[in-house]
Amino acid sequence: MGFIGRAFLRLLHALSKAFAVLIALLHTVRPRRRQRIVAEGEPSPRWELAVIALLVGAACFAVMFIVIYAADWRRQTQLLGLAIGGAFALLATALIIASKQLVVSEELEEEYPEVGDPAEQLNVTQIVTETGSRMTRKRFLKGAAGAAGAALGAALIVPAASIGPVLDTESLYYSPWRRGRRLVDEEGRPYRATDISNTTFYTAYPENVDHEVLAAPIVVVRVVPDRLDLPPGRDDWAPEGILAYSKVCTHAGCAVSEYRKPLFPPTSPQPAFVCPCHYSTFDPATGGSVIYGPAGRNLPQLPLMIDDAGDLRAAGDFSGPVGPSFWGVRS
Amino acid sequence: MSGKASEIPRAPGFTCATAVAISVVVSLALLAQPAPGQPPSGIVHPKNQRGMSLHELGEQLFAGNCASCHGSVGQGIENPRPNTGAGNTTGQGPDLRGVGAIAPDFYLRTGRMPLTSPGEKPERHAPFFNDREIRALTAYVASLGKGPPIPRPRPHGQSLSRGLDLFTDHCAGCHQVVGEGGYVTDTNVPVLDHATPREIAEAVRVGPYLMPSFSKRDITDHDLNAIVAYVRHSRHPTDAGGLGIGHIGPVPEGMVAWAVAGFVLVGVCAVLGSRLRKS
């Protein structure tokens, strides 16, 4: 007999020993027949079959997910979602049916003991009083604890200041527009007065300023000078009938991105800027006044001028604060 | 303001389909009632068209269907006045001398003209004339004055990303970023699903009704090709990661999430729980 044969015999011996131990263990662990705790229930093979079918279905969906994922079939993420969703849905249905139809259940009610035993309450009061007997400076301790609680509460509330400037509203008035600043387009090319036609509208920004600054974007249009009816003091704000207004709606701060320009004015609504969020409508010819919608104040107007080279420049700052109204800003 | 100024615009996307359906029904109802003195269809088609030259046909169609508002020689009518041409409508309409072929081709091929009354909003409709009639009318209007020809956009092979950039800059404010339309106060903005490349290019140059118009200085022909390419692409976006739900933004998506998922969750709770039986 060689080495291998002996090793095999030894392995067999060890296995038979382990088997014997397992049998013995199982024998001791197996419970004796005892009285039932849970009432016996009728077996229901139909529901069992349903649960088994659902579980198998769930498995199929899960396998489908793996197959779709592996095949990357038409890159359909919807199918992936459908497969894994179906698997979970079937699994959930199986669990619901199992819990309702297969697991034996019973309803039990137990009377609660009466709440509030007077003797017990007296006891508790006494215990609390006695545990505090070592403390001599009770008021001082109470005050310190109160201070800790108050400070913690304040610490939780204070970050709310990040929501917006509460006391310091100075930043809301910030505008990058100054007298002499040129109007440029999205790519930074300066707008010339001759670029502005009277059939459409243009979005402009101040030269060399971040476009994301709230007061930076403006809308520019040209209207027939005869139609202009600007508020007093704005007579020279619209050279050649070219007008500029903040592009930020004074209602909720959306970009005023719609401009209606009638092809035949006599039978059409008048020209107007329209905000697509809540349809606030502003009349460019009358200083950006609100002609419809929830906006509470006019679009701030930017005075313009045309320099010797024909470029459009701001002639000053806006007529009012830009963006949605806030405390203290009503007109 | 037109007579229908009481129509309150609603949130975009929320009832887009409903609004379109309503406007179609309303326009059909309006069209169903021809103006007094006009034939039942409201449109005059000359008899014996085969024997007419294109110019003659155009002239006759213009006199019968357009002159009451645009004037007998297309000179336009600034102030409303009782009509002396076909029908007895009070005419008012723009001067057509010098609009070229581009505007009549757009308005007639999209069924926006003729209107029943001058105050009516021009909306997309099946064309009221056949192809030869449209060509005749377009040629006739173009002959009234020197004006731009019909554009020939070439969207094939254009950059979609450039088109998207231009579309968001110039068009998406009203037409929504995948061309699903929307509203401006007093009218609705058409969906671009049915517009042909030629109609898109024409609309950009003409600026129909309340739309701004864009010169070649504002949007070059090359850029216009990219816009047309993008609009065509936007009809079938890829929708990676889910259903498009009308491509009208977060409102319908939120409604689906809340209405559908919410009801499903409540239903599951009802199935899971059971009522305590009081003895």
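In the predicted model, the buried residues of helix H5 of chain B are covered by elements that include helix H2 (54–65) and helix H4 (102–109) of chain B. Helix H5 spans residues 131–142. The residues of H5(B) that count as buried are Glu133(B), Ala136(B), Leu137(B), Thr138(B), Tyr140(B), Val141(B) and Ala142(B). The 12 residues of this helix reach 16 Å from the first C-alpha to the last, close to the 16 Å expected at 1.5 Å a residue. In an α-helix there are 3.6 residues a turn, so residues three or four places apart point the same way.

Helix H4(B) is largely enclosed by the rest of the structure, because 7 of its 8 residues are buried. These buried positions are Ile102(B), Ala103(B), Pro104(B), Asp105(B), Phe106(B), Tyr107(B) and Leu108(B). Their cover includes H5 and helix H8 (197–206) of chain B; H4(B), in turn, is among the elements that cover the buried residues of H5(B). Just after H4(B), Gly111(B) adopts a positive phi of about 65 degrees. The loop between H4 and H5 of chain B contains Pro114(B), which is joined to Met113(B) by a cis peptide bond with omega of about 0 degrees.

Two further backbone features of chain B occur in loops. Asp186(B) is not a glycine, yet has a positive phi of about 85 degrees. This residue lies between strand E3 (182–184) and strand E4 (187–189) of chain B. Asp186(B) has 23 other C-beta atoms within 10 Å and is therefore buried, the threshold being 20 or more. Ile245(B), also a residue other than glycine, has a positive phi near 45 degrees and is found in the loop between H9 and helix H10 (250–272) of chain B. With 16 C-beta neighbours inside 10 Å, Ile245(B) counts as partly exposed.

Chain B as a whole contains 10 helices and 4 strands. Along the sequence, these elements follow the pattern α-α-α-β-β-α-α-α-α-β-β-α-α-α. Of the 279 residues of chain B, 37% count as buried. Among the contacts of chain B between residues at least 6 apart in sequence, 62% join residues at least 24 apart.

The secondary structure of chain A comprises 5 helices and 11 strands. Of its 331 residues, 22% count as buried. In chain A, residues 24 or more positions apart account for 57% of the contacts with a separation of 6 or more.

Within chain A, 5 strands form an open sheet with antiparallel pairing, in the order E1-E2-E3-E4-E9. Its edges are formed by strand E1 (183–184) and strand E9 (301–302), each of which pairs on one side only. Strands of a sheet pair through backbone hydrogen bonds, either parallel or antiparallel. Strand E2 (residues 202–206) and strand E3 (residues 218–222) of chain A run antiparallel and are joined by 3 bridges. Ala204(A) stands opposite Ile218(A) of E3(A).

A further antiparallel pair in chain A consists of strand E7 (residues 281–283) and strand E8 (residues 289–292), joined by 3 bridges. Asp283(A) is placed opposite Ser289(A) in E8(A). The hairpin of E7(A) and E8(A) has 5 residues between the strands, and Gly287(A) takes a positive phi near 80 degrees in this hairpin.

The largest nonpolar core contains 85 residues, of which Val220(A) and Phe273(A) touch the most other members. Helix H9 (residues 221–234) of chain B contributes the largest share of this core, 7 residues. When residues up to four places away in sequence are not counted, Phe273(A) touches Val219(A), Tyr245(A), Val256(A), Glu258(A), Tyr259(A), Phe282(A), Pro284(A) and Leu299(A).

The contact between the chains takes 25 residues from chain A and 33 residues from chain B. On the side of chain A that touches chain B, helix H3 (77–102) and strand E5 (258–260) each supply at least two residues. The residues of this side divide into 12 nonpolar, 9 polar and 4 charged.

Note on methods:
Residues numbered from 1 in each chain as written. Chains lettered and ligands numbered in written order. Predicted model: local features only at pLDDT ≥ 70, side-chain atom pairs only at ≥ 80, totals over all residues. Contact = placed C-beta atoms within 7 Å. Nonpolar A, V, L, I, M, F, W, Y, C, P; charged D, E, K, R; others polar. Pairing = 2+ DSSP bridges. Buried ≥ 20, exposed ≤ 12 C-beta atoms within 10 Å, placed from the backbone. Expected span 1.5 Å × (residues − 1). Core = buried A, V, L, I, M, F, W, Y, C linked by C-beta atoms within 7 Å.
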